[in-house]
Amino acid sequence: MEKAENEKKPSAVSDVGAWAMNVTSSVGIIMANKQLMSSSGFGFSFATTLTGFHFALTALVGMVSNATGLSASKHVPLWELLWFSLVANISIAAMNFSLMLNSVGFYQISKLSMIPVVCVMEWVLHSKHYSREVKASVMVVVVGVGICTVTDVKVNAKGFICACTAVFSTSLQQISIGSLQKKYAIGSFELLSKTAPIQAISLLIFGPFVDYFLSGRFITTYKMTYGAILCILLSCALAVFCNISQYLCIGRFSATSFQVLGHMKTVCVLTLGWLIFDSEMTFKNIAGMVLAVVGMVIYSWAVELEKQRKTKVTPHGKHSMTEDEIRLIKEGIEHMDLKDMELGNNKA
């Protein structure tokens, strides 16, 4: 019993560490990108190409890690990596187009709709079911984040199609991270180091054209400054931690948990925007954030309750033998055979 408790403690600590890394790096990268892209900052409006830089550095870190033996490289079929990278890149491009074509309010609603979409997709693809408590807590989080982020809501046909594409592809990408890790028994960082080079190359080739369509400017026309370069490097460094922690979190938990608890980043961004960038903080924002945090706490409790119920349903009797038990039985059989031979010789 003590051994099980000792094993559970490090696992819980590493789970919290993975979430903390994801929230910290995600909030950090949003703040860095806000400074980099805003007109009051460096005015670097090439989001898709910047994402290509992010994955290029992530791929470089992965290659160095494999070359030095810090991580092991496992085989994953190339077609699976290409398919995953295609879905991930469509997700990035569709998100950017959705933000450009839709109002901020509708963009936030489309992001919130990812939670129920992920739930439905996990049910369809993996036959995963959710308890009433989990469903109720998800609704509380969605309503809370909706209250503090959604303002004006304007919809148009092109924007709606882009938003639907973004939601579907992002949900599929996040579910695929977990399923690929389980299917090929591959670690989160090993999988990331295999997909990052493909995403980097494709985004750096096609990203500038996507950005031109979005902003009307090619990246070659942008005048780089030392401040902008430092900000890009900071954004890329934070993206490495953000990418690693995303794969870690989804590998450890589920795409649904990642979406629900991931809205803690929204709360942190709003709070830091108020503290650092002097953004307006209304009673509506505060009420929505409080409700979202309450929903996240309820969700964590509901998931734990669901685990306890499954543990009670699972019979406690052992249906399989451990390696030590098999070894002892083998030794016992060999010992019995030896005794039988000795008895046979004595009788003779």
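**Entry 1: contacts across the sequence.** I began with contacts between residues at least 6 apart in sequence, and 86% of them join residues at least 24 apart. I keep in mind that this is a predicted model.

**Entry 2: the elements.** Next I looked up the secondary structure and found 13 helices and zero strands in the protein. Read from the N terminus on, the elements run α-α-α-α-α-α-α-α-α-α-α-α-α.

Entry 3: How much of the protein is buried? I noted that buried residues make up 42% of the 348 residues. The protein exposes about 19,800 Å², and carbon and sulfur atoms supply 69% of that area.

**Entry 4: the cores.** I turned to the largest nonpolar core, which has 17 residues. Those with the most contacts inside this core are Phe84, Ile177, Leu191, Ile244, Tyr247, Cys249 and Phe258. Which elements give two or more residues to this core? My list reads helix 1 (2-37), helix 3 (78-101), helix 7 (157-183), helix 8 (188-215) and helix 9 (226-252). Helix 9 gives the most, with five residues.

I then picked out Phe84 to see what it touches. Leaving aside residues up to four places away in sequence, I found Gln173, Ser176, Ile177, Leu180, Thr195, Gln199 and Tyr247.

**Entry 5: aromatic rings.** I looked for ring pairs and found that the structure holds seven aromatic pairs. One of them joins Phe44 and Phe46 edge-to-face, at 5.1 Å centre to centre with 75° between the planes. Both Phe44 and Phe46 are buried. Phe44 also pairs edge-to-face with Tyr222, at 5.2 Å centre to centre and with 90° between the planes. What does this second pair tie together? Phe44 sits in the loop between helix 1 and helix 2 (47-67), and Tyr222 in the loop between helix 8 and helix 9, so the pair ties together parts that are 178 residues apart in sequence. Tyr222 is buried, as is Phe44. I noted that ring pairs link Phe44, Phe46 and Tyr222 into a cluster.

**Entry 6: helix 5.** I checked the length of helix 5 (residues 114-126). At 1.5 Å a residue, its 13 residues should span 18 Å, and the end C-alpha atoms are 17 Å apart, which agrees. Which residues of helix 5 are buried? I wrote down Met114, Ile115, Val118, Cys119, Met121 and Glu122. As a reminder to myself, an α-helix has 3.6 residues a turn, so residues three or four places apart point the same way. Just after helix 5, I came upon Ser127, which takes a positive phi of about 55°.

**Entry 7: cysteines.** How many disulfides does the structure hold? I found zero. Cys162 is in no disulfide, and the nearest cysteine sulfur, that of Cys164, is 9.4 Å away. A pair would need its sulfur atoms within 2.5 Å.

Cys242 is in no disulfide either; the nearest cysteine sulfur belongs to Cys249, 9.5 Å away. Cys242 is buried, with a relative accessible area of 17%. Cys249 was already in my notes, as one of the residues with the most contacts inside the largest nonpolar core.

Note on methods: Residues are numbered from 1 along each chain as its sequence is written. This is a predicted model: local features need pLDDT of at least 70, side-chain atom pairs count only at pLDDT 80 or more; totals for chains, interfaces and linings use all residues. Side-chain values use heavy atoms; hydrogens and water are left out. A nonpolar core is a set of buried Ala, Val, Leu, Ile, Met, Phe, Trp, Tyr and Cys residues joined through side-chain atoms within 4.5 Å. Buried means under 20% relative accessible area, exposed over 50%, partly exposed in between (1.4 Å probe, protein chains only). Helices (H or I, at least four residues) and strands (E, at least two) are DSSP runs, numbered from the N terminus. Contact means heavy atoms within 4.5 Å. Accessible areas come from the Shrake-Rupley method with a 1.4 Å probe; for residues, only the protein chains shown count as cover. Rings of Phe, Tyr and Trp (its six-membered ring) pair if their centres lie within 6.5 Å; planes under 30 degrees apart count as stacked, over 60 as edge-to-face and the rest as tilted. The expected span of a helix is 1.5 Å times one less than its number of residues.
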